[in-house]
Amino acid sequence: MPRRYNKNQIFYFNSHDPYVPLEFGNVFRGLIRRYCKENQTPIFLCIGTDRATGDCLGPLLGDRLRTLSMPFPIFGTLEHPVHARNLVSTVQLIKDSYSDPFIIAVDASLGSRDHIGYITLGAGSLKPGAGVSKELPNIGHIFITGIVNQAGEADQMLLQTTRLQIVMQLTNHIFRGIQLGLANEPCLAPCKTV
């Protein structure tokens, strides 16, 4: 079972547990059902860049999600990443293009040594760039992060020296969890454009 922190509605999943995709999928489905209004459909905003190994979780997941036949948009892929320089304009594009979008924000994060390899999932917004001291706006109705390395004094260097194996393992579990969580969900219809 995932460790749950009720105060902030944050769930932690250890990616070394083989049941993580199923557990993640169940919690993800529950959060969608609870917080996504009937007239909304999820839009995935996968934040990050492939210029630093530790920061490529979002674009890798965006590419994987594109392989599914999902009827809603995905922003942030390896070819078209969403990062610090274009995050604000991408969020504005989403708000201008879709009627009442429900944004699921995905990003890599840094954490304690004990939490490396954990996935977090929760209700509320994500603060992208916080691990590397960047001032970016909070975004999302639901957030997903993969803890790729330990936070420290040289956070940018830690992102660049993160092992790709950890990022890939987290990406694979998140992808499979989303796939299981959205399977046979009739309430998820395509987004209405403006």
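Biologist: Which residues is T90 in contact with, leaving aside its neighbours within four places in sequence?
Modeller: T90 touches L45, F75 and V82, where contact means heavy atoms within 4.5 Å. This is a predicted model, where local features need pLDDT of at least 70, side-chain atom pairs count only at pLDDT 80 or more, and totals for chains, interfaces and linings use all residues. Residues are numbered from 1 along each chain as its sequence is written, and side-chain values use heavy atoms, with hydrogens and water left out.

Biologist: Is T90 buried or exposed?
Modeller: T90 is buried, at 9% relative accessible area; buried means under 20%, exposed over 50%, partly exposed in between (1.4 Å probe, protein chains only).

Biologist: And which helix is T90 in?
Modeller: T90 sits in α3, residues 87-97. Helices are DSSP runs of H or I with at least four residues, and strands are E runs of at least two, numbered from the N terminus.

Biologist: New topic: at what angle do α1 and α5 pack?
Modeller: About 50°, with axes 7 Å apart, for α1 (residues 20-35) and α5 (residues 164-182). Axes are lines fitted to C-alpha atoms, for helices over the stretch in contact, and angles run from 0 to 180 degrees between N-to-C directions.

Biologist: Which residues of α1 meet α5?
Modeller: V20, P21, L22, F24, G25, F28 and R29. On the α5 side, the partners include H173, I174 and R176.

Biologist: What covers the buried residues of α1?
Modeller: The cover includes β2 (10-14), β3 (42-46), β5 (102-111), β6 (118-123), β7 (142-150) and α5.
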